[in-house]
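I opened the model to look up a few helices and strands. My notes follow in the order in which I made them.

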Amino acid sequence: MDKVFNTPLAHLLGALLVLLAPIFLQGVEGTIGVNYGTVADDLPPPVQVASFLRDSTFIRRVRLFDANPEILKAFARTGISVTVNVPNDLIPQLTMLSFAQQWVEINVLPYVPATNIVRILVGNEVISTANKLLIVSLVPAMETLQAALVEKSLDRHIRISTPHFLGILSNSSPPSTGKFRPGYDIHVLKPLLEFLRATNSPFMINPYPFFDSSDNTLDYALFRPNPGVFDETTQLTYTNMLDAQLDAVFSALKLLDFEDIEIVIAETGWPSRGDPGQAGVDTGIAAEYNKKLIQHVMSGIGTPLMPNRTFETYIFALFNEDLKPGPTCERNFGLFKPDMTPVYDIGIVHPRVANAAANTDHSHTNSRTNLKKWCLSKPGTSKEALQRNINYVCGLGFDACRQIQYGSPCFLPNVVRAHTMYAMNAYYQASSNP
């Protein structure tokens, strides 16, 4: 982020949640969501979780791994966008229209519009199961479910997709050589991509730099300074593993002529605890990855092959899940403990700054009596850099951003510099007076 403002708080923005308005950047609306898994016996009631996310965090998107009725009811009237999931084992049945209609009747209709269901995922990492019946049924199931949504006039609000493990790529390094696995590319993924394009739905992936990292590549995985990886074909240098993974997927999409389809990060995260002796696993490193992840995907920088865009991203996971099988790390991806206190701080818990924006003064003062300080943009700063500062602050949910919208009291003068100073002052005052 450009250091645009003469304020000691400016350097903190990079570690905070960012929400980029899609009007200014390419790509889907940049938002951070969480995966809400429930493979645990110590989780709080869903109604408490929904209230906590709405009132105490910046999270406005949640992905479920099923269509749990208690959870769907809990998110009613919260304004939080909810993604539900059809389990893998139901995919063959979903190819039948009568079953798809019944599924929508049971799992969607009772909850909308009170619960803002925006996406249905058909299965999870289906191709990686190597189950032929599931794989050949995937696209027909998505098409049939779409028909069921159309019947109920829900297709304009609810999109259908399916998340993929990066193992669908046969080549991924360097990123320009990204390519889908032979056989799956033409017979499964091409029809899938045609469906996504026709329904204006995203291609969803589960990139985990954690699982691909080693002692030698830890800095690269964690967005730390590192020598980078040079792609000879594109003459581009990659400074972090996530960008390389995203661009490998983009290259594979481009090879099939589907580079126009948006990419959404359905899962990514870093565990805070691992097995004894496991390198690169502790709360500090988990916090580092997720903080920098949020900063990066929301910054508008994009990737070397997809510049100037944001990525809708879902962090895995909301809670640690103590009943999950496998190594210790699998049970420790959570951002929050069961009592909803953070496992570590990544800036997604809302500061108690109610009405801060309403109390912000336009004037530039530095009175020794009230010790207020105000932000001024540096002379000569580009409009693009100023806009990025607005996007950072507005992503934190400040009412100041409403005040600078068209028709609002502080819309005029309608210039980026004035809007930026208003938004930044709201942030500065709120952060200085918690």
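I began with helix α5 (residues 132-151), which has 20 residues and reaches 29 Å from its first C-alpha to its last, close to the 28 Å expected at 1.5 Å a residue. The expected span is 1.5 Å times one less than the number of residues. Helices (H or I, at least four residues) and strands (E, at least two) are DSSP runs, numbered from the N terminus.

The model is predicted, so I note that local features need pLDDT of at least 70 and side-chain atom pairs count only at pLDDT 80 or more, while totals for chains, interfaces and linings use all residues. Residues are numbered from 1 along each chain as its sequence is written, and side-chain values use heavy atoms, with hydrogens and water left out.

Where does α5 have a kink? I found a kink of about 40° at Leu138, shortly before the proline Pro140. The bend at a residue is the angle between axes fitted to the seven residues ending there and the seven starting there.

At the start of α5, I found a side-chain oxygen of Asn131 within 3.1 Å of the backbone nitrogen of Leu133. Just after α5, Ser153 has a positive phi of about 55°.

I then listed the buried residues of α5, among them Leu134, Ile135, Leu138, Val139, Met142, Leu145 and Leu149. Buried means under 20% relative accessible area, exposed over 50%, and partly exposed in between (1.4 Å probe, protein chains only). The polar residues Ser137, Thr144 and Gln146 are also on the list of buried residues.

What do the buried residues of α5 pack against? They pack against α3 (91-94), α4 (97-107), β4 (116-122), β5 (159-161) and α6 (184-199).

Next I turned to the strands. Strand β1 (residues 32-36) pairs with β2 (residues 61-64) in the parallel sense over three bridges. Two strands pair if DSSP finds at least two bridges between them. Val34 has Val62 as its bridge partner in β2. From β1 the chain crosses through helix α1 (residues 46-56) to β2, and this β-α-β crossover is right-handed. Right-handed here means that, with the strands pointing away from the viewer, the path from the first strand over the helix to the second runs clockwise.

Three bridges join β2 to strand β3 (residues 81-86), and the two run parallel. Val62 has Val82 as its bridge partner in β3. The chain crosses from β2 through helix α2 (residues 69-74) to β3, and I recorded this crossover as right-handed too. Arg63 stands opposite Thr83 in β3.

I checked the two faces of each strand. In a regular strand the side chains alternate between the two faces of the sheet. In β2, Arg61 and Arg63 on one side and Val62 and Leu64 on the other are all buried. In β3, Ser81, Thr83 and Asn85 lie on one side and Val82, Val84 and Val86 on the other, and all are buried.

β3 also pairs with β4 in the parallel sense, over six bridges. Asn85 has Leu121 as its bridge partner in β4.

Leaving aside neighbours within four places in sequence, Ser81 is in contact (heavy atoms within 4.5 Å) with Arg60, Arg61, Val62, Asn116 and Val118.

Last, I looked at helix α11 (residues 383-394), which has 12 residues. Nine of its 12 residues are buried, including Leu386, Ile390, Tyr392 and Cys394.

How values were computed. Polar contact = N/O pair within 3.5 Å; in protein donor to acceptor, adjacent residues only side chain to side chain.
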